[in-house]
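Trainee: I am new to this one. Can we go through the terms and what backs each of them?

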Amino acid sequence: MPKMKTHRGSAKRFRVTGTGKIMRGKAYKSHILEKKTAKRKRNFRHETEVATSDAKVIARNLGLR
């Protein structure tokens, strides 16, 4: 059976931590930034963990599990 290929779009958007959690960037940080507070824009910089309901599909796309 051939090897599983990594979904390249997923590979660019998600990363896996050392403990195996899948991390993603936050949305709403690309435009219409004038009306957003500095605190809100600053918090967009941090990554957050992917929801457990989505993690299974993303893990398969990344060639995990």
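Mentor: Start with the end of a helix. This is a predicted model. In it, helix 3 is followed by Gly63, whose phi is positive, near 85°.

Trainee: Which residues of helix 3 are buried?

Mentor: Helix 3 spans residues 52-61, and its buried residues are Ala55, Ile58 and Ala59. Buried means under 20% relative accessible area.

Trainee: What does the face turned away from the buried side carry?

Mentor: That face of helix 3 carries the exposed residues Ser53 and Lys56. The buried residues of helix 3 pack against strand 1 (14-16) and strand 2 (22-24).

Trainee: What makes up the largest nonpolar core?

Mentor: Seven residues: Phe14, Ile22, Val50, Ala55, Ile58, Ala59 and Leu62. Helix 3 gives the largest share of this core, three residues. Take Ala55: beyond residues up to four places away in sequence, Ala55 touches Ile22, Val50 and Arg65.

Trainee: How do you know that Glu47 and Arg15 form a salt bridge?

Mentor: Check the distance. The closest N and O atoms of Glu47 and Arg15 are 2.7 Å apart. The cut-off is 4 Å, from a side-chain nitrogen of Lys or Arg to a carboxyl oxygen of Asp or Glu. The pair therefore counts as a salt bridge. The structure holds one salt bridge.

Trainee: Where in the chain do the partners Glu47 and Arg15 lie?

Mentor: In distant parts, 32 residues apart. Glu47 is in the loop between helix 2 (38-43) and strand 3 (48-49), and Arg15 is in strand 1.

Trainee: Why is Tyr28 called exposed?

Mentor: Exposed means over 50%. Tyr28 is at 63% relative accessibility, so Tyr28 counts as exposed. Tyr28 lies in the loop between strand 2 and helix 2.

Trainee: What is the phi of Tyr28, and what is that of Ile32?

Mentor: Tyr28 has a positive phi of about 70°, although it is not a glycine. Ile32 has a phi near 55°, also positive and also in a residue other than glycine. Ile32 is found in the loop between strand 2 and helix 2. Most residues other than glycine have a negative phi.

Trainee: What makes the reach of Lys26 to Asn43 a polar contact?

Mentor: The side chain of Lys26 reaches the backbone oxygen of Asn43 at 3.3 Å. The limit is 3.5 Å. Lys26 also lies 5.5 Å from Phe44, C-alpha to C-alpha, though they are 18 residues apart in sequence.

Technical notes:
Residues are numbered from 1 along each chain as its sequence is written. This is a predicted model: local features need pLDDT of at least 70, side-chain atom pairs count only at pLDDT 80 or more; totals for chains, interfaces and linings use all residues. Side-chain values use heavy atoms; hydrogens and water are left out. Buried means under 20% relative accessible area, exposed over 50%, partly exposed in between (1.4 Å probe, protein chains only). Helices (H or I, at least four residues) and strands (E, at least two) are DSSP runs, numbered from the N terminus. Contact means heavy atoms within 4.5 Å. A nonpolar core is a set of buried Ala, Val, Leu, Ile, Met, Phe, Trp, Tyr and Cys residues joined through side-chain atoms within 4.5 Å. A polar contact is a pair of N or O atoms within 3.5 Å; within protein, one must be able to donate a hydrogen and the other to accept it, and residues adjacent in sequence count only if both atoms are side-chain atoms.
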